[in-house]
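Let's take a walk through this structure, one piece after another. Keep the picture open beside the text as you read.

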Amino acid sequence: MAQRFRGFLPVVVDVETGGFNSGRDALLEVAAVTLTMDDNGLLLPDQTLAYHIEPFDGANIEQSALDFTGIDLDSPDRFADPEPMAMVELLQGVRRAVKEQGCTRAVMVGHNAHFDLGFINAAINRCEIKRNPFHPFSCFDTATLSGLAFGHTVLAKTCQLAGIEFSNSAAHSAAYDAEKTAELFCLIVNRWQELGGWLPPEA
């Protein structure tokens, strides 16, 4: 794995938020899917880390965002964690995966990844977390990769074109979208290998 992405471990992230402004709007859900590699050099989704998050003090939440995601902040089944607790646990899990895979740092994978990266970086800054395992600005964007591989950039449509089962009713859950994005990323990277674009080093 470390040789495939020059020491970086791709970690697929999805966030659900209270709007589009990472500095002002609430982070409401976050999920990360770590990846592993089999003996043939093929990528596979590994562990999913997912959290519902309590809005930080003073956070803005647009009703249109709640309507879009279907998040009910008052649901007794939401079981949201304080943002600092969730972020510390999430990043500990990412650091653990980086170490297990022999890598030096994580690189975020997301569908329109800079959106997710902006909210993660803003939450890390709010929580005053010093050890951020993610590269601060580099990321892999599956919307861009999907445009190249399938001629489409919408996650649901691209999954359909790729033969990946996708439920519109389950979408806009951070965990579900992260897991589908992870499947898509692995499929595209593995297909590139099948075409001869990257071969695992000989043992």
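When we say helix or strand here, we mean a DSSP run: helices are H or I with at least four residues, strands are E with at least two, and both are numbered from the N terminus. This is a predicted model, in which local features need pLDDT of at least 70 and side-chain atom pairs count only at pLDDT 80 or more, while totals for chains, interfaces and linings use all residues. Residues are numbered from 1 along each chain as its sequence is written, and side-chain values use heavy atoms, with hydrogens and water left out.

Let's start with backbone angles. Most residues other than glycine have a negative phi, and most peptide bonds are trans. With that in mind, look at phenylalanine 79, which sits in the loop between helix 1 (63–69) and helix 2. Its phi is positive, about 50 degrees, although phenylalanine 79 is not a glycine. Phenylalanine 79 also has a relative accessible area of 65%, so it counts as exposed. (Buried means under 20% relative accessible area, exposed over 50%, and partly exposed in between, with a 1.4 Å probe and protein chains only.) Arginine 6 has a positive phi as well, near 45 degrees, and is a residue other than glycine. You'll find arginine 6 in the segment before strand 1 (8–17), and with a relative accessible area of 69% it is exposed.

Another loop to visit is the one between strand 2 (27–37) and strand 3 (43–52), where aspartate 39 lies. Aspartate 39 is exposed, because its relative accessible area is 81%. And which residue has its C-alpha atom 8.8 Å from that of aspartate 39? That's proline 200, which is 161 residues away along the chain.

Now for the helices. Two packed helices are described by the angle between their axes and the distance between the axes. The axes here are lines fitted to C-alpha atoms, for helices over the stretch in contact, and angles run from 0 to 180 degrees between N-to-C directions.

Take helix 2 (residues 83–100) and helix 3 (residues 113–126): their axes come within 10 Å and cross at roughly 115 degrees. Helix 2 and helix 3 are therefore roughly perpendicular to each other. On the helix 2 side, Glu83, Met87 and Leu91 meet Ile120, Ala123, Ile124 and Arg126 of helix 3, where contact means heavy atoms within 4.5 Å. Sorted by type, the residues of this contact are 5 nonpolar, no polar and 2 charged. (Ala, Val, Leu, Ile, Met, Phe, Trp, Tyr, Cys and Pro count as nonpolar, Asp, Glu, Lys and Arg as charged, and the others, Gly among them, as polar.)

Next comes helix 4 (residues 142–150). Which of its residues are buried? They are Thr142, Ala143, Ser146 and Phe150. These cover an arc of only 100 degrees around the axis, so they lie on the same side of helix 4; the arc is that of the directions from the helix axis to the C-beta atoms. Thr144 and Leu148, on the other side of helix 4, are exposed. The buried residues of helix 4 pack against strand 4 (105–110), strand 5 (134–141), helix 5 (155–162) and helix 6 (174–194).

The axes of helix 4 and helix 6 come within 11 Å and cross at roughly 50 degrees, which makes helix 4 oblique to helix 6. Their contact is made by Thr142, Leu145, Ser146, Ala149 and Phe150 of helix 4 and Thr181, Leu184, Phe185, Leu187, Ile188 and Arg191 of helix 6. That contact divides into 7 nonpolar, 3 polar and 1 charged. Leucine 145 of helix 4 is partly exposed, at 25% relative accessibility, and touches Phe185 and Ile188, not counting residues up to four places away in sequence.

Finally, helix 5 packs with helix 6 at an angle of about 45 degrees, with their axes 11 Å apart, and that makes helix 5 oblique to helix 6. Leu155, Thr158, Cys159 and Ala162 of helix 5 make the contact with Asp177, Lys180, Thr181, Leu184 and Leu187 of helix 6.

Definitions and conventions:
Parallel < 35°, antiparallel > 145°, perpendicular 65-115°, else oblique.
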